[in-house]
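Here is a short briefing to read alongside the model. Please keep the structure open while you go through the points.

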Amino acid sequence: MRLKQPYFTSALLISLTVSLCYAEPISEADLRSAVPIDTQIEFIADGDNPFPILIQEAVRADALGSLVILTDTQSQQRWLEQSNPLRLYLAQHGWQTLSLPLPNKPIKTDRVSEEDFTEQLTDYENQVMVRIESGLDLVSEERIVLLAMGRSAEWAIRVIQNQPDMHLFMLNPRPIDDNEPRALLEGMTAVESRIIDLFQEPYPSDQKAIPDALTRKNAMIRSNHPHYHQQAIKEALWSSQPDWLNRQIRGLLNTYIVKAEEHNQAPGQDALAVDELPPGVRQ
């Protein structure tokens, strides 16, 4: 029997996520009231604003791996709302999950000089990387997947560039800066990790994806990346009943990471992709 989700109220989640983003730091007691009692909450020092990491252990004796969920850096008022159903669902199906908020990117104003703004951006970049690495320090499984939503995708790529043993799951990936879209493409083609690219186009807000799914797929084919899979989402991305999306993500993880690794490690098997199609072709 499938367990019912969620364990919280939408009004409470919205209140907590807004306070995390714009107001005073949230207390562990307030966050505890929004998550199940078996969620481990770790607060990590981050200057004057410590941030929480939520850890959900796998409901399985031998976990499939650790999944670090990075929500869109432009939607941090919704980080808990975006990640909570997914982290609980995947933990119920064998994954240790960790989720954490990433800081907001500074905005240039007339009151800030170019020199000061450059310094703010540098501090911001360091802060993002420190937060992601803090989450990775808490994982306890050998198989690690970074699941990055929106603009967090390029940050995840930066983390795994020198760590090919980690895997990348991108959900509607976007570059950190729309004025430099090639940075995302160059990062994708440079990493050796297994990459899953799950997307929906056009976006519900009618925004244009830059680079779009076809451009990303073509870049990966040109680079002859052996472990890239792209698949489209056919329904509204964020809804009040995201179970269908959770199931789709779970299926992709099992097929293109867990089973693909088992296939390559089986006796007599060479390191081939799951199927014989060129990378990124299967939709």
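Residues are numbered from 1 along each chain as its sequence is written, and side-chain values use heavy atoms, with hydrogens and water left out.

**Confidence**

- The chain has a mean pLDDT of 84, pLDDT being the predictor's confidence in each residue on a scale from 0 to 100; 81% of the residues reach 70 or more.
- Residues 1-24 have pLDDT below 50, and this stretch makes 37 contacts in the model beyond near neighbours in sequence; contact means heavy atoms within 4.5 Å.
- Residues 271-283 also stay under 50, with 29 contacts beyond four places in sequence.
- Where pLDDT is low, the predicted coordinates should not be read in detail.

**The sheet**

- Eight strands make an open sheet with mixed pairing, in the order E1-E2-E4-E3-E5-E6-E7-E8. Strands (E, at least two residues) and helices (H or I, at least four) are DSSP runs numbered from the N terminus, and two strands pair if DSSP finds at least two bridges between them.
- Strand E1 (40-44) and strand E8 (228-232) are the edges, each pairing on one side only.
- On average, neighbouring strands are turned by 15° against each other, direction ignored; axes are lines fitted to C-alpha atoms, for helices over the stretch in contact, and angles run from 0 to 180 degrees between N-to-C directions.
- Strand E7 (residues 195-199) runs parallel to E8, with five bridges, and parallel to E6, with four bridges.
- Phe-199 has Ala-232 in E8 as its bridge partner, while Leu-171 stands opposite Leu-198 in E7.
- Five of the five residues of E7 are buried, meaning under 20% relative accessible area, where exposed is over 50% and partly exposed lies in between (1.4 Å probe, protein chains only).
- Ile-195, Asp-197 and Phe-199 point one way from E7, and Ile-196 and Leu-198 point the other way.

**Helices on the sheet**

- Helix H3 (residues 79-92) lies across E2, E3, E4 and E5, at about 170° to E4.
- Helix H7 (residues 213-222) lies across E7 and E8, at about 160° to E8.

**Nonpolar cores**

- The largest nonpolar core has 33 residues, of which Val-68, Ile-132, Leu-136, Leu-146 and Leu-168 touch the most other members. Such a core is a set of buried Ala, Val, Leu, Ile, Met, Phe, Trp, Tyr and Cys residues joined through side-chain atoms within 4.5 Å.
- Elements that each supply at least two residues include helix H4 (114-136), strand E5 (144-149) and helix H5 (152-160); H5 gives the most, with six.
- Apart from this core lies another, of 23 residues, among them Leu-67, Leu-90, Ile-249 and Tyr-256.
- Beyond its neighbours within four places in sequence, Ile-132 contacts Leu-70, Leu-100, Leu-102, Trp-155 and Val-159.

**Glu-57**

- Glu-57 sits in the loop between E2 and E3, and it counts as partly exposed because its relative accessibility is 42%.
- The side chain of Glu-57 makes a polar contact with that of Gln-96 (3.2 Å); a polar contact is a pair of N or O atoms within 3.5 Å, where within protein one must be able to donate a hydrogen and the other to accept it, and residues adjacent in sequence count only if both atoms are side-chain atoms.
- Glu-57 and Ser-140 are 83 residues apart in sequence, yet 9.5 Å apart in space, C-alpha to C-alpha.

Definitions and conventions:
This is a predicted model: local features need pLDDT of at least 70, side-chain atom pairs count only at pLDDT 80 or more; totals for chains, interfaces and linings use all residues.
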